[in-house]
Amino acid sequence: MTPVAPTKQHTVVDSPYGSLTLVATDGVLSALYMTDQRHRPPEETFGVPDPEPFGEVIRQLGEYFAGDRTVFDLPLNLAGTPFQRSVWAELLKIPYGETRTYGELAEELGKPGASRAVGLANGKNPVGIIVPCHRVIGASGSLTGYGGGLDRKQRLLAFESGGTGEETPALF
């Protein structure tokens, strides 16, 4: 029996951080890419344009950007290695408005020497913002790499820590 290829759809929504491309695999959110994001696959891999599977995602993103949501409650279809998926699961445990270092995440995973590997997995997170890789910082407190750009990371962290809102005008 020949395996059936997954069905992919995508849509693009505006946000205070620029356009966000949402991708669903078999009707479940599998990616959220920012403009000029590192590790962003080619557009032709996103499937057909179709906003249908994204109503709840868009609603929850709107609540987040309005400051009314601190935790996302969405099914996710995350494709990655077992280690990557374990890192992404750990990212989901970082509370809104808080940060963790790569070393702290490695400790939580029971792999204290794996902070570089955690950083690499963090950088491959396919669902930015919702899987909050922006909440991970360097051991010195520095804002180290972010696939969406350090400016966006800084703005997201400022927003979540009660920033003025000037840096993140509501577009939803």
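Q: pLDDT is the predictor's confidence in each residue, from 0 to 100. In which element of the protein is confidence lowest, and in which is it highest?

A: This is a predicted model, and confidence comes before any other feature. The lowest mean is that of α5, at 84, while α2 has the highest, at 96. Across the protein the average pLDDT is 86, and 87% of the residues score at least 70.

Q: Over which residues is the pLDDT below 50?

A: Where pLDDT is low, the predicted coordinates should not be read in detail. Here that concerns residues 164–172, where the pLDDT is below 50. The model gives this stretch 20 contacts beyond near neighbours in sequence.

Q: Is A5 buried or exposed?

A: Relative accessibility decides, and exposed means over 50%. A5 is at 58%, so A5 counts as exposed. A5 sits in the segment before β1 (8–13).

Q: Which residues of the largest nonpolar core touch the most other members?

A: A core of this kind is a set of buried nonpolar residues joined through side-chain atoms within 4.5 Å. The largest one has 34 residues, and those touching the most other members are L20, L22, L32, L61, L91, I129 and I130. At least two residues each come from β2, β3, α1 (55–65), α2, α3 (102–108), α4 (115–123) and α5 (150–160). The most come from α1, which gives four. As for L91, leaving out residues up to four places away in sequence, its contacts are L105, N122, N125, V131, P132, C133 and V136.

Q: Against which elements do the buried residues of α1 pack?

A: To read a helix, find its buried residues and then their partners. In α1 the buried residues are V57, Q60, L61, G62, Y64 and F65. They pack against β2, β3 and α5. Just after α1 comes G67, with a positive phi of about 85°.

Q: How much space lies in the largest pocket, and which residues are closest to its centre?

A: The largest pocket holds about 320 Å³ of space. Its lining has 22 residues, of which S30, A31, Y33, A79 and P126 are closest to the centre. By type, the lining consists of nine nonpolar, 10 polar and three charged residues.

Q: Which element supplies the largest share of that lining?

A: The largest share is that of β3, with three residues. Elements supplying at least two lining residues each are β2 (20–25), β3 (28–34) and α2 (82–91).

Notes:
Residues are numbered from 1 along each chain as its sequence is written. This is a predicted model: local features need pLDDT of at least 70, side-chain atom pairs count only at pLDDT 80 or more; totals for chains, interfaces and linings use all residues. Side-chain values use heavy atoms; hydrogens and water are left out. Buried means under 20% relative accessible area, exposed over 50%, partly exposed in between (1.4 Å probe, protein chains only). On a 1 Å grid over the protein atoms alone, a cavity is a set of points where a 1.4 Å probe fits but cannot get out, and a pocket is an open set with protein on both sides within 12 Å along at least five of seven lines; lining residues have an atom within 4 Å of a point. Grid points are joined across faces, edges and corners, and a volume is the space filled by probe spheres set on the points. Ala, Val, Leu, Ile, Met, Phe, Trp, Tyr, Cys and Pro count as nonpolar, Asp, Glu, Lys and Arg as charged, and the others, Gly among them, as polar. Contact means heavy atoms within 4.5 Å.
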